[in-house]
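Hello,

Here is the structure I promised to pass on. My notes follow below it.

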Amino acid sequence: MKTTKLLIPTQKEAPNDAQIISHQLMIRAGLISKLASGLYSYLPMGVRVLHKVESIIRQEMNKSGAQEVLMPVAQPAELWQASGRWDKYGAELLRFTDRHQREFCLGPTHEEVITHLAAQYLRSYKQLPMNFYQIQTKFRDEIRPRFGVMRLREFIMKDAYSFHIDQASLQQTYELMHQTYSNIFDRLGLDYRAVLADSGSIGGDASHEFHVLAESGEDTICFSDESDYAANIEKVAFSKQEKTCKSTLTEEKVLTKKKTSIEEVAEFLNVKKSDCVKTLIIKTKSDFKALALRGDHELNEIKVHNLFGDFEFATEDEIKNLDLKKGFIGIKNLDIDLIVDYSAGVLCDFVCGANEWDYHLTSVNWQGIEFVDADLRNAVEGDDSPEGKGKLMIKRGIEVGHIFQLGTKYSSAMKANVIGESGKAVTTTMGCYGIGVTRIIAASIEQNYDSRGIIFPQAIAPFKIVIVPINYNKSTRVKTLADKLYQQFIEADIEVLLDDRKERAGIMFADSELFGIPHRIVISDTHADNGNVEYKARDRADKIEVTFDDALSFIQSKLI
């Protein structure tokens, strides 16, 4: 491809709303163009990258034995009503009616549609297991789309769904998909981690997320420094600890006027935050509860939801009605259930609120206080790894893949049954496996860039090599050599971009680096004189002189 025949609307500056590097560089390099909030067009260079990602995913999914299908974006409401998600899914589900006043939605996911298909065509256990996948557009009406293609309303996703006669069969496919995903992300050149995860609104019993490690990631992942253990921070589970408190101190009530935060109280009393207990009041569907955590720990809302279902934090008025004092809530004399995090439940001689304006208690202990202990907190760096090996490290991650063991949640609701070996109907067991295709591009850029632009991994770069001929439109010798080499690459089936624009060399160099093309060859009149070309790898600073006659074989060796 020649640059003059390719739409590449590069920009010197990124738009003001581009907050993260991938968004900035994708706009500047002319990969995408914004249409509306959360809606982007992919331009020719972006489409080339997108197709590379899709091709790798498709190859590995086919290798695993999965069968490709393509399902509609528009889905009838009755399918979602049958699964129970029409009302539960929330505002992200874009609902509409057609001209006949029938209700539909734009599919954010396809569990209902694929289960409907399975109910139609899977009749016998002999057909199982079966795994179907598609690469297709999804729509989720995000309340706050942001970060370019990282969090969109309309996006491309690879989703797969497997059907099984029993849990043992599902487990085999789940492990196969785990390995398939690892193969995909390895080929894409990503630095990633597979972590234990919460299943969220999809539901199901077991779940792993695949995270690309990047500081811009919205998720927090934890992994051991001595083992393969890794989990989303929401899923890191802690066990009950042995209590060893043997206090000889006397509890005191101390004036801490206007000191309401843990930081303020700890500094005022000259104690560590880890020697304080903070108490949070939540409202569940049935009642209020008090949650106590160590002062240096944060509440894990997923764990609380798993314990009590839907909840919200009590308002200031609700706290007053419970005869509690916001900023001074303690663990004594409560008229509501008290749930104490495991790590707080083993503290000795700690500080907490006195349930009285302007006062806290010091040298407090748990003796005589009724409470239930539970795992309520987020992990912190340096915690013991839950599986017993090493300490936890914490990094930011971008979720690019998620696999679930769905069980029978959808197949039972939608009657996806087969005749089992005994001759009786058996409800199929399901798995679900998703990859964010468009998000992968942004995640890759978040890991691979420098001050000059993108550094695409070779597997997904829009072109493998760019030829930059200096004075291409003025020097006949340069043009002849550049065209000859360009043709050699095409005949060798190497994706090549020839920059044939009437631009200064500096602009062409800058653009080649902005695009992230892995290899570059420069041809000038000097090179025409000495019979060489200049080679530079995008991820290296040094330049190499290669003879013109060896240029093709040299590049071929780099592409292995």
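How many aromatic pairs does the count come to? The answer is 13 aromatic pairs, taking ring centres within 6.5 Å as the rule. Keep in mind that this is a predicted model.

Start with Phe311 and Phe313. Their ring centres are 5.8 Å apart and their planes meet at 80°. Over 60 degrees counts as edge-to-face, so this pair is edge-to-face. Phe311 has 18% relative accessibility and counts as buried. Phe313, at 39%, counts as partly exposed.

Next, Phe328 and Trp357. This aromatic pair is edge-to-face too, with 6.1 Å from centre to centre and 80° between the planes. Phe328 lies in the loop between α8 (316-321) and β17 (337-341). Trp357 lies in the loop between β18 (350-353) and β19 (359-364). The pair therefore ties together parts that are 29 residues apart in sequence. Phe328 is buried, at 3% relative accessibility. Trp357 is partly exposed, at 47%.

There is also an aromatic cluster. Tyr181, Phe185, Tyr192 and Phe210 make it up.

Two arginines sit over rings. The charged end of Arg95 is over the ring of Trp86, 5.1 Å from the ring centre. Arg193 lies over the face of Phe223, and its distance from the ring centre is 4.1 Å.

Now the helices. Which way do α1 and α10 run relative to each other? Helix α1 covers residues 21-28 and helix α10 covers residues 437-447. They pack at an angle of about 105°, and their axes are 8 Å apart. Angles of 65 to 115 degrees count as roughly perpendicular, so α1 and α10 are roughly perpendicular to each other. On the α1 side, the contact uses Ile21, Ser22, Leu25 and Met26. On the α10 side, Ile441, Ala442, Ile445 and Glu446 meet them. The residues of this contact divide into six nonpolar, one polar and one charged.

Last, the overall picture. The protein has 14 helices and 31 strands. Its C-alpha trace spans about 95 × 70 × 50 Å along the principal axes. Of its 560 residues, 52% count as buried. Take the contacts between residues at least 6 apart in sequence: 68% of these join residues at least 24 apart.

Best wishes

How values were computed:
Residues numbered from 1 in each chain as written. Predicted model: local features only at pLDDT ≥ 70, side-chain atom pairs only at ≥ 80, totals over all residues. Heavy atoms only, no water. Phe/Tyr/Trp six-rings, centres within 6.5 Å; stacked < 30°, edge-to-face > 60°. Buried < 20%, exposed > 50% of the residue type's maximum accessible area, 1.4 Å probe, protein only. Helix = DSSP H or I, 4+ residues; strand = E, 2+ residues; numbered from the N terminus. Lys NZ or Arg CZ within 6 Å of the ring centre and 35° of its normal. Axes fitted to C-alpha atoms, helices over the stretch in contact; angles between N-to-C directions. Parallel < 35°, antiparallel > 145°, perpendicular 65-115°, else oblique. Contact = heavy atoms within 4.5 Å. Nonpolar A, V, L, I, M, F, W, Y, C, P; charged D, E, K, R; others polar.
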